[in-house]
Amino acid sequence: MATARALNQPRRRDRIHWRQHLRGYAFISPWIVGFLMFSAYPVFYSAFLAFTDYDLLSAPEFVGTRNFTKMAGDRLFYTALGNTAYFTFISVPLQLALALGMALLLNLKLRGINLFRTTFYLPTVVPQVASVILFVYMYNPEFGVFNAILGWFGLPKLGWLANPTMAKPAFVIMSLWHVGAQMVIFLAGLQAVPTALQEAASIDGAGVLRRFWHVTVPMISPVIFFNLVIGIIGSFQVFTSAYIATDGGPKHATLFYVLWLYRHAFENFRMGYASALGWILLGIILIFTAINFAASRRWVYYEGAGA
Amino acid sequence: MTVRASSELMTARVRTSTAYRLRGGLAMILTYAVLILIAAISSLPMFWMISTSLKPYGREFVFPPEWIPVPVVWSNYIDVWGESSIHLYTINSFLVAGLATFGTILSCSIVAFGFARLQFFGRDLLFGVLVATLMLPGIVVLVPTFILFHHLNWIDTPMPLIVPWWFGGGAFGGAFYVFLMRQFMLQLPLELDEAALVDGASHLRIYWQIILPLAKPALAATGIFSFIHHWNDFLHPLIFLHAETWRTLALGLRFFMFSETYGNVGRWNLMMAAAVVMLLPVLILFFSAQRYFIRGIALTGLTGR
């Protein structure tokens, strides 16, 4: 088909086509330059660095797979990995459940609902640095607000960030204040669920819970899937909160993977080792994303994607 | 609005039995109670930030904490503004966020126009590559880009925070904006371009004079997201800026926390005042352009950070 058309068309047409292609590339050229310089080149360079020792001063020195074997024998590598996995697998499900619950409430047709939408979303625009510093203050074991609130219910004061077992849960709680974006995405998904479906199920005698489980959840399953994938990718890269609030402590309880990578790269200037760490993280994220996509075939329902 | 609502309420009252109405009323009260509770928990940190920023020195560590500051000390703001370098950080933040945002809007809209409105070889494949860069964790490219900027002598200048955004943002997340604007431009009728071409307009002119003005909602969403992202960004300034000359507010705030005059002696009231100063532009932007903001998130699933 394509060859037949090419043969039938006069040469002049080809030239116009050639110009059309060029025009297209001219328009996307800023992205091509940016992609080559700030995506493709860094990725390849980082793959190279992962097999070297490099401190920025002398030239990179090839060391084979030594960075990776060293990592495998490093106790802190497993600590950082474990902390990050703990944080991700506890916080992401809680974030999704909370965001979905809030979105369900905000999807009700009630008077003043727009005011609630704004209020629920607002914590998400607060700069992370500001909110982390604020939470450090609120988590203070001696005079913090959280302990005061526990006191209302007759509960004892907690150490929060100062306590190795409480520190990670404290980070999970902190992360729950920033679910506004997920909430809005859920809300958009809920608003796209046809009311006719809900009504039909209602006529068939389905109660609120059954309608939620058998109509709403399947209909918004692509949105749940999207939030899950993005949530996991984001949580694996938790950095700023730990860097500011605890700097990995107490007793490495909040030493998250990217914080550890940051220390190697930008405090000790071990660029080779840090690059190797980066590639392991990329691999882990890709594996989880792949698992997510594979599992999604069993539970994500795309409307109009065949029977 | 009120008239319609109350008339609906009236008809509802006539139709339903007393028992049903009671249950409906109770459900309504419970729903509002939950809504108000969540709203209160959501606003607690921000309320606490503002309340603390207005407290007199020493009242920040009282336990149990005082919710309303007595007396209200507005001069905390004057102290923070005058005694620290926060004015310098604010100017830096505005410069960096402003220039990066301007570059993002310009470069990403040109690229989006190419992907949305033009036909060329390999277009869909390249767009797939662009979308794939969204999945790339930023941390992987951070080390090599640091080395690149180090060799370009860009460390301790605002260049690393601005220049990539004039080229679609690279792996720092600019693909989101291209994606958002392309989605929007795809919805505009192609006849617009065809009619302009017949009239002898160039494609650059079509982009600039027809598509760009029509894509204003997408540009606005991009501008707001981008500005807030750069304003709030902590990781990149931390890595690329070490000297104070170009320090941004996000970095400055963290330095307050560990500085002799504020952090070490726990001047939480002044730290919170500085945090409010940093929050204010974001809040103003959010409230003035809320509708673009919410729609933009729904369009792209952008996390806003």
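The lining of the largest cavity divides into 7 nonpolar, 5 polar and 1 charged residues (Ala, Val, Leu, Ile, Met, Phe, Trp, Tyr, Cys and Pro count as nonpolar, Asp, Glu, Lys and Arg as charged, and the others, Gly among them, as polar). This is a predicted model, in which local features need pLDDT of at least 70 and side-chain atom pairs count only at pLDDT 80 or more, while totals for chains, interfaces and linings use all residues. Residues are numbered from 1 along each chain as its sequence is written, chains are lettered from A and ligands numbered from 1 in the order in which they are written, and side-chain values use heavy atoms, with hydrogens and water left out.

**Cavities**

- Rolling a probe the size of a water molecule over the atoms shows where empty space is left.
- Searching the whole structure gives 3 cavities of 30 Å³ or more. On a 1 Å grid over the protein atoms alone, a cavity is a set of points where a 1.4 Å probe fits but cannot get out, and lining residues have an atom within 4 Å of a point. Grid points are joined across faces, edges and corners, and a volume is the space filled by probe spheres set on the points.
- The largest cavity has a volume of about 110 Å³. Its lining counts 13 residues, with Leu161(B), Trp165(B), His230(B), Asp233(B) and His236(B) lying nearest its centre.
- In chain B, helix 4 (86-117), helix 7 (159-162), helix 11 (216-232) and helix 12 (235-240) each supply at least two residues of that lining. Helix 12 of chain B gives the largest share, 3 residues. Helices (H or I, at least four residues) and strands (E, at least two) are DSSP runs, numbered from the N terminus.
- The second largest cavity has a volume of about 60 Å³. Residues from chains A and B line it, including Phe135(A), Trp177(A), His178(A), Pro45(B) and Met46(B).
- Helix 6 (128-138) of chain A and helix 2 (18-53) of chain B each supply at least two residues of the lining of this second largest cavity. By class, that lining has 7 nonpolar, 3 polar and no charged residues.

**The interface of chain B and chain A**

- Here 96 residues of chain B are in contact (heavy atoms within 4.5 Å) with 88 residues of chain A.
- The two chains bury about 8200 Å² between them, 82% of it on carbon and sulfur atoms. Buried area is the accessible area (1.4 Å probe) that two parts lose on being put together, summed over both.
- Helix 2 of chain B provides the largest share of the side of chain B that touches chain A, 17 residues. That side of chain B has 72 nonpolar, 21 polar and 3 charged residues.

**Salt bridges**

- Side chains of opposite charge can pair when their charged atoms come close.
- Over all chains, the structure holds 5 salt bridges (a side-chain nitrogen of Lys or Arg within 4 Å of a carboxyl oxygen of Asp or Glu), while the count between chain B and chain A is 0.
- One salt bridge joins Arg66(A) and Asp53(A), whose closest N and O atoms are 2.8 Å apart. Arg66(A) lies in helix 3 (residues 66-72) and Asp53(A) in strand 1 (residues 52-53) of chain A, so the pair ties together parts that are 13 residues apart in sequence.

**Backbone points to look at**

- Most residues other than glycine have a negative phi, and most peptide bonds are trans.
- The peptide bond from Gly249(A) to Pro250(A) is cis, with omega near -10 degrees. Pro250(A) sits in the loop between helix 12 (240-245) and helix 13 (257-267) of chain A.
- Lys251(A) is in the loop between helix 12 and helix 13 of chain A, and its phi is near 50 degrees, a positive value in a residue other than glycine.

Methods
1 Å grid on protein atoms, 1.4 Å probe; cavity = no way out; pocket = protein on both sides within 12 Å on 5 of 7 lines; lining within 4 Å.
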